[in-house]
Amino acid sequence: MAERQPEVKQGAEDQGRAGLGSPELVLRGLRSVGYLPNERIASVVYLGERLAKPVLVEGPAGTGKTELAKSVAAMSNMRLIRLQCYEGLDEAKALYEWNYKKQLLRIQAEQVSRPGSSSGPDGATSWSELESDIFSEEFLLARPLLAAIRAPDPVVLLIDEVDRLEVETEALLLEVLSDYQVSIPELGTIVSTQTPLVFLTSNNSRELSEALKRRCLYLYIDYPSVEREQEIVRSRVPGIGEHLAAQVSGLVRSLRDMDLKKRPSVSETIDLAHTLFLMGAEEITPQLAADTLHVLLKYQSDIEKAAAELTAGGSGPSGSYPRVGTAGR
Ligand SMILES: Nc1ncnc2c1ncn2[C@@H]1O[C@H](COP(=O)(O)OP(=O)(O)O)[C@@H](O)[C@H]1O
Ligand SMILES: [Mg+2]
């Protein structure tokens with residue numbers, strides 16, 4: 001039988017992971033793995049680790065929330081354990097479930113080796129023995145939350161798109177997030193031997209419960225500044241010219257200022273930059289921008305609106321939206 005985990009909780013200092021050093025080191029570490037954070041991102045990540053608190057990362061889709069958790073794992077050589085949330089996710093998929101098939105086999109094997117034993121005079125004892133056997137760790141299937149708690153090595157736990165869970169299911173997370181432990185009625189409480197670095201992401205599709213928020217540090221990741229987005233483009237599309245990268249981020253910024261159903265995300269900026277780069281374009285003309293809008297915008301009404309502005313020569317109501325910048329030429 002597998003040994004139970006020791007029920008001793010260790011502090012953030014003695015958990016066998018080196019720590020992140022300082023916000024400055026986090027900033028550099030993230031950059032070294034291709035993630036370009038701003039100072040706020042670096043400092044909240046640092047604090048989350050220092051205080052052993054989960055970080056709740058909220059913001060529009062495609063602004064680098066998931067990528068942040070992956071990059072923190074990559075920069076610190078930690079294993080990433082990911083729980084992708086969706087409506088209908090339950091305890092059996094998030095925490096643990098019993099391996100029923102294996103339990104049944106175990107019971108059958110017992111019957112073969114000791115036929116009739118459960119109805120004999122010592123039936124009661126052998127059943128309770130069998131019961132404690134089949135509800136032991138050997139028969140437990142650890143799902144991401146329990147896997148992170150039980151991990152012997154330092155891990156990053158990513159609870160992705162937590163706003164997709166029903167409010168009631170959110171409660172499943174609370175024990176893990178506040179005490180880094182999981183209670184299993186048949187087995188007892190499993191307490192982590194190292195504090196996982198936890199990131200929760202949310203696209204803001206609904207308000208999260210107060211109880212959940214209270215346990216976390218909060219980080220809002222908005223669309224990046226034009227300069228940072230330009231840098232992101234250059235790091236994700238190696239070889240792209242500075243001028244084209246600047247134009248792409250300028251165009252995207254001006255589109256985000258429009259009243260659209262769905263604003264373009266950073267991933268879409270990267271897609272456009274990639275497309276133009278592959279097309280061999282050195283710069284975006286208003287016509288080229290209009291022709292490639294479908295890479296950035298995913299609603300026909302948005303595409304038509306933006307195309308109309310572009311072909312009208314960029315003289316929109318509040319100045320010139322959308323614009324094809326000419327900076328750096
Ligand atoms: N700060 C950043 N540095 C580098 N790449 C980024 C950054 N922000 C976003 N990206 C890029 O945008 C893509 C989408 O980010 P993702 O983390 O999936 O967004 P979401 O916020 O929806 O989880 C990533 O694959 C990554 O390439
Ligand atoms: Mg995501």
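# A first walk through the model

The protein chain holds 15 helices and 9 strands, where helices (H or I, at least four residues) and strands (E, at least two) are DSSP runs numbered from the N terminus. This is a predicted model, in which local features need pLDDT of at least 70, side-chain atom pairs count only at pLDDT 80 or more, and totals for chains, interfaces and linings use all residues. Residues are numbered from 1 along each chain as its sequence is written, while chains are lettered from A and ligands numbered from 1 in the order in which they are written.

Colleague: Which residue of β8 is the bridge partner of leucine 158?

Modeller: Strand β5 (residues 155-160) pairs with strand β8 (residues 197-202) in the parallel sense over 4 bridges. Within β8, leucine 157 has valine 198 as its bridge partner. For leucine 158, the partner is phenylalanine 199.

Colleague: And which residue stands opposite isoleucine 159 in β5?

Modeller: Here we turn to β2, which pairs with β5 in the parallel sense over 6 bridges. The residue opposite isoleucine 159 is leucine 83.

Colleague: How many residues of β5 are buried?

Modeller: A residue is buried if 20 or more other C-beta atoms lie within 10 Å of its own, exposed if 12 or fewer, and partly exposed in between, with C-beta atoms placed from the backbone. On one side of β5, Val155, Leu157 and Ile159 are buried, and on the other, Val156, Leu158 and Asp160 are too. The count for β5 is 6 of its 6 residues.

Colleague: Is serine 225 buried or exposed?

Modeller: Serine 225 is found in the loop between β9 and α10. It has 12 C-beta neighbours inside 10 Å, so serine 225 counts as exposed.

Colleague: Against which elements do the buried residues of α3 pack?

Modeller: Those buried residues are Lys65, Leu68, Ala69, Ser71, Val72, Ala73 and Met75. Packing rests on contacts, meaning that the C-beta atoms of two residues, placed from the backbone, lie within 7 Å. The elements are α1 (23-32), α2, β1, β2, β5 and β8.

Colleague: Now for the ligand: which residues come nearest to ligand 1?

Modeller: There are 17 residues around ligand 1, each with its C-beta atom, placed from the backbone, within 6 Å of it. α3 (65-75), α10 (226-236) and α12 (266-278) each supply at least two residues of this shell. Coming nearest are Gly64, Lys65, Thr66, Glu67 and Ser267.

Notes
Two strands pair if DSSP finds at least two bridges between them.
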